[in-house]
Amino acid sequence: DGAASAYGFGMMRKVDLVLSVRGCAIVKEALPGHACVPLPAKGDDESRVYRLSGVDVLTRIGAHYVIAPAGGIDDRSLPRLAMPAEDVHALMRSIEVK
């Protein structure tokens with residue numbers, strides 16, 4: 001919807017995503033140079049979660065989040081990625097250390 005894009009409804013700048021193993025693999029393929037950091041966890045590798053820092057969430061459409069590198073809300077030339085919502089365990093605001 002043009003209004004959502006024009007007014008930025010649903011958009012979040014510089015958020016951190018907590019992703020599944022598969023979500024982290026998708027990021028490695030689609031957004032070179034962006035790394036997922038494993039979060040401390042007990043259990044096997046399949047239940048491990050990863051943190052992807054400082055991305056822009058453009059919207060959630062159905063079963064996907066559309067994300068871009070930081071600045072992607074304003075710069076349409078940056079790559080976009082449709083991340084399956086089932087692979088996004090949490091969204092957190094990035095805390096910038098000054």
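Trainee: What covers the buried residues of α2?

Mentor: This is a predicted model, in which local features need pLDDT of at least 70, side-chain atom pairs count only at pLDDT 80 or more, and totals for chains, interfaces and linings use all residues. Residues are numbered from 1 along each chain as its sequence is written, and side-chain values use heavy atoms, with hydrogens and water left out. Helices (H or I, at least four residues) and strands (E, at least two) are DSSP runs, numbered from the N terminus. The cover of the buried residues of α2 includes β1 (12-19), β2 (36-38), β3 (50-61) and β5 (81-84).

Trainee: Which residues of helix α2 are buried, and why are they on the same side of α2?

Mentor: Buried means under 20% relative accessible area, exposed over 50%, and partly exposed in between (1.4 Å probe, protein chains only). In α2, which spans residues 21-30, the buried residues are Gly23, Cys24 and Val27. They lie on the same side of α2 because they cover an arc of only 100° around the axis, the arc being that of the directions from the helix axis to the C-beta atoms.

Trainee: Which residues are exposed on the other side of α2?

Mentor: The buried side of α2 holds Gly23, Cys24 and Val27. On the other side of α2, the exposed residues are Lys28 and Glu29.

Trainee: Is Asp87 buried or exposed, and which residues does Asp87 touch?

Mentor: Asp87 is located in the loop between β5 and β6 (88-93). Because its relative accessibility is 6%, Asp87 counts as buried. Contact means heavy atoms within 4.5 Å. Leaving aside residues up to four places away in sequence, Asp87 touches Val18, Leu19, Ser20, Arg22, Gly23 and Ile26.

Trainee: Does Ala35 count as buried or exposed, and which residues does Ala35 touch?

Mentor: Ala35 is found in the loop between α2 and β2. Its relative accessibility is 54%, so Ala35 counts as exposed. The C-alpha atoms of Ala35 and Cys24 are separated by 8.1 Å, the two residues being 11 residues apart along the chain. With residues up to four places away in sequence not counted, Ala35 touches Arg51 and Leu52.

Trainee: What pattern does the protein follow along the sequence?

Mentor: The secondary structure comprises two helices and six strands. Read along the sequence, the pattern is α-β-α-β-β-β-β-β.

Trainee: Of the 98 residues of the protein, what percentage count as buried?

Mentor: Among contacts with a separation of 6 or more, residues 24 or more positions apart account for 56%. Of the 98 residues, the share that counts as buried is 33%.
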